[in-house]
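Hi,

Here is the structure I promised to pass on to you.

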2 protein chains.
Amino acid sequence: MNISGLGEFGLIDRFKKSIRLDTSVIKGTGDDCAVIRSSGAKFMLFTCDMLVEGVDFLKKTDPYLIGRKAIAVSLSDIAACAGIPRYCLVSLGLPRGTKVSFTDRLFKGMRDISSKFGVNIVGGDLSRSAKVTIDVSMIGFVEKRNLVLRSNACKGDIIFTSGALGGSLKGKHLKFTPRVGEARFLARKFGLNSMTDISDGLIQDLGHILEESLAGAVIYQDLIPLSASAGNIKNALYDGEDFELLFTLPLAKAKRLIRENARGFHAIGQIVDKKHGLLFVDNRGRIRKISGGGFRHF
Amino acid sequence: MNISGLGEFGLIDRFKKSIRLDTSVIKGTGDDCAVIRSSGAKFMLFTCDMLVEGVDFLKKTDPYLIGRKAIAVSLSDIAACAGIPRYCLVSLGLPRGTKVSFTDRLFKGMRDISSKFGVNIVGGDLSRSAKVTIDVSMIGFVEKRNLVLRSNACKGDIIFTSGALGGSLKGKHLKFTPRVGEARFLARKFGLNSMTDISDGLIQDLGHILEESLAGAVIYQDLIPLSASAGNIKNALYDGEDFELLFTLPLAKAKRLIRENARGFHAIGQIVDKKHGLLFVDNRGRIRKISGGGFRHF
């Protein structure tokens, strides 16, 4: 059997089932970051993301933006757990004929966004490869009380996104701002029940929250903010790489966020009982059950 | 200009010079691991290694051994700083047609060696790529007093390796035992001045110690242990991927190690003044100055 028969998430599940973790690991595979007990008052967050030429960026993409994105996607993972990013390593696979002007721009893109977010690039590894391949691993920290996972969405919670969705491939996927500040604000001032970042598309990433929380949801077309690059609602539901936060808050807190809202958070629906699955209410009031969809590597 | 004009280490230097690190970073790029202050009594070690099909293993290599090696090279980096390996992430780039039997064996190779060394595989990332690409990032810890870097080799130190060298590509590079236990033993019982692992060849890796320590060295052909797979002394000097420890001890401690030696450590030479560079004494007593050589990616 080919791995495409299992699919990306089937393959991850297969691996996850066979793995043993000791008690210092709060959360292994299956969230935006691994969560590890550390000696201080904080948990350690640990995440990695691999970008490959032809999949995550093109040969002609400005290398500055490639470097920027390589760091930004990991920043977004740390943000999704409400953490503070601190250290990263960069593994770089480069074809033999790569120009120094390319690596200079790539490094500058990495440096600029890292220093903006207070992240130290503490090392890395260089290898020869057919296509440009960049893997960034990042360590962050989060106060124990502020940790947010995908797994605690509760019936009645209001579902929010931190910004407009869809059409990211037209440019936003290379230029997005990781929502580190927004996530810290939300966790400290409101206390979230669950959170993830939208990397594989709203439907798929909301699906992760529902799966981990054993819950269902209703979302409303009229409430989902379309980005200027989105052609229609399908782009907002299924396109990947928006890297906005997707989170849930109990009703009272949600009302307070909406009242105080200065940062463009959008309520898009509500958590319901698991038996309902994921329901989509379109702009004519018709209800449809949605199952799966979104970006998959295999 | 192509990156081959700068070379692997020239490229790393170029990057290193432009990077800013805050005071929580004890050691960034330029050692086997990054060393980071942590809240407890230990330093955190952080390292990554990327393996690429066709460079670090072949398409026909048993995937169990590929998985094993992917973890083992990072274990060797943690060992080189005398640390205890604890957590890792695995980023995996796989071609579309990859068989599930391949990934099952690969995962098993990773799991077996990880659990043997007490390492938790806490997550990872999956991507599509033309060639199988594996990047492992690993976190370890070391008591502050036991940390060993490349940078403190002192005049008069005796230089040791932890085992025989050369010809690793004939098989050892896929099956070597990371010297975690040996490194812990040495750091706790002896207190080392400097250490690295031999990944790029004895001459090149000793060169890293000399560069970081601003020192020179004399090594003796008659003292360098040849592995059974090494054809001649050149293999022991220049072949990569032995993953043995290379370390230096002050004379008195070195004598004690030699006296008590139960683990096959071999004294191969001595640290001298920087002005001498790296001197090689062959088996006829002739002295030759050596500059550079060993495995380079570009």
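B:Val180 touches B:Leu75, B:Ile78, B:Ala79, B:Pro85 and B:Phe117, leaving aside residues up to four places away in sequence; contact here means that C-beta atoms, placed from the backbone, lie within 7 Å. B:Leu75 is 105 residues away from B:Val180 along the chain, yet their C-alpha atoms are separated by 7.1 Å. B:Val180 counts as buried because 24 other C-beta atoms lie within 10 Å (20 or more make a residue buried, 12 or fewer exposed, and anything in between partly exposed). B:Val180 belongs to helix 5 (residues 180–189) of chain B; helices (H or I, at least four residues) and strands (E, at least two) are DSSP runs numbered from the N terminus.

A word on provenance: this is a predicted model, in which local features need pLDDT of at least 70 and side-chain atom pairs count only at pLDDT 80 or more, while totals for chains, interfaces and linings use all residues. Residues are numbered from 1 along each chain as its sequence is written, with chains lettered from A and ligands numbered from 1 in the order in which they are written.

Now the sheet. Chain B has an open sheet of 7 strands with mixed pairing, in the order 8-10-7-11-9-12-13; strands pair if DSSP finds at least two bridges between them. Its edge strands are strand 8 (194–197) and strand 13 (287–290) of chain B. Strand 7 (residues 158–161) and strand 10 (residues 245–249) of chain B run antiparallel, joined by 4 bridges, and B:Phe160 stands opposite B:Phe247 in strand 10 of chain B.

Happy browsing!

Terms used:
Two residues are in contact if their C-beta atoms, placed from the backbone, lie within 7 Å.
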